[in-house]
Amino acid sequence: MSHVSLPMFDAPALRPQWQEFWALIRAHLPKEIDAPDQLIWPGDTEYLRAGDVLLSQTCSFPYRAGLHHHLQVIGAFDFGLPGCVPGYYNSVLITRPGVAAECLENLTPTINSYDSQSGHAALVAAVGSLKTPPVVTGSHAASIKAVLGGQADLAAIDAQSFAFACDLEPALSESLQVVQRTPPTPGLPLVTSHAQMVPVLRQALDAAISDMPAPLRKSLHVQGLVRFKPLDFLS
């Protein structure tokens, strides 16, 4: 049985909604496909190299760095993000109100990991050389908390992760300020180990998104599926 995960927006409070979405996708797969009932929530990307992934997501940075040898691109979700064409996303640069944001390179940064497109590469591209070594937190949620708590002054947060965080904690919109948005780039790739499954999964995803109840669509923000090619993430 192949693994299925949708791990890139893994807020514990949203896991039931992602599981409900997977049930919709699974219902539209051909009956002969041995698809698991439950999503898994992996803590790293090693499982993506094993060759038994039916459906998952990855950040585009590790995809470019080597995962493209093991995975086939299905596409990316369209979250309807402001300033982004369908299927694209960007990062928001956040700090606390009152922090002097005129010279971002002088602020103490935090990143989720060095292999993150939205949390590290986007920050370096926007700010240039970081004068202070970044605080590495391990997740966008932890980077938000580091800025809130004063352990760092600046973070680049995937715009959809930030939207989910504000949904779950509405006070964040007043406790933090967005000082910049990075240029849009193709969204987080949905992937599979099996090339023959790409058209099947695209069809199932389209149907599941069409069938989403309004409360689920509101919770997950998923508006559609955009069919990207590998070169969209490798160029």
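1. A nonpolar core here is a set of buried Ala, Val, Leu, Ile, Met, Phe, Trp, Tyr and Cys residues joined through side-chain atoms within 4.5 Å. Buried means under 20% relative accessible area, exposed over 50%, and partly exposed in between (1.4 Å probe, protein chains only). The model is predicted: local features need pLDDT of at least 70, side-chain atom pairs count only at pLDDT 80 or more, and totals for chains, interfaces and linings use all residues. Residues are numbered from 1 along each chain as its sequence is written, and side-chain values use heavy atoms, with hydrogens and water left out.

2. The largest nonpolar core has 46 residues. W18, F21, W22, L55 and F77 touch the most other members. Contact means heavy atoms within 4.5 Å. Beyond four places in sequence, W22 touches V4, L29, A35, P36, D37, Q38, L39, L54 and L55. A second, separate core holds 11 residues, including L67, L71, V73 and A76.

3. Next, helix α7. Helices (H or I, at least four residues) and strands (E, at least two) are DSSP runs, numbered from the N terminus. Helix α7 covers residues 198-211. Its buried residues are V198, L201, R202, A204, L205, A208 and I209. They pack against α1 (15-27), β2 (53-57), β3, β11 (190-192), α8 (214-220) and β12 (224-226).

4. Two strands pair if DSSP finds at least two bridges between them. Five strands run in the order β7-β6-β8-β5-β9, with mixed pairing. β7 (135-136) and β9 (177-181) stand at the edges with a single partner strand each, so one side of each lacks a neighbour in the sheet. β6 (residues 109-111) pairs with β7 in the parallel sense over two bridges. I111 stands opposite V136 in β7.

5. Angles run from 0 to 180 degrees between N-to-C directions, with axes fitted to C-alpha atoms, for helices over the stretch in contact. α4 (residues 140-149) lies across β5 (91-95), β6 and β8 (154-158), at about 150° to β8. α5 (residues 159-168) lies across β5, β8 and β9, at about 95° to β8.

6. On cysteines: a disulfide is a pair of cysteine sulfur atoms within 2.5 Å. The whole structure has zero disulfides. For C84, the nearest cysteine sulfur, that of C59, is 15 Å away. C84 is buried at 14% relative accessibility. C103 is partly exposed at 37%.

7. Finally, P86. It sits in the loop between β3 (72-78) and β4 (88-89). P86 is exposed, at 53% relative accessible area. Beyond four places in sequence, P86 contacts D78 and V226.

Technical notes:
Expected span 1.5 Å × (residues − 1).
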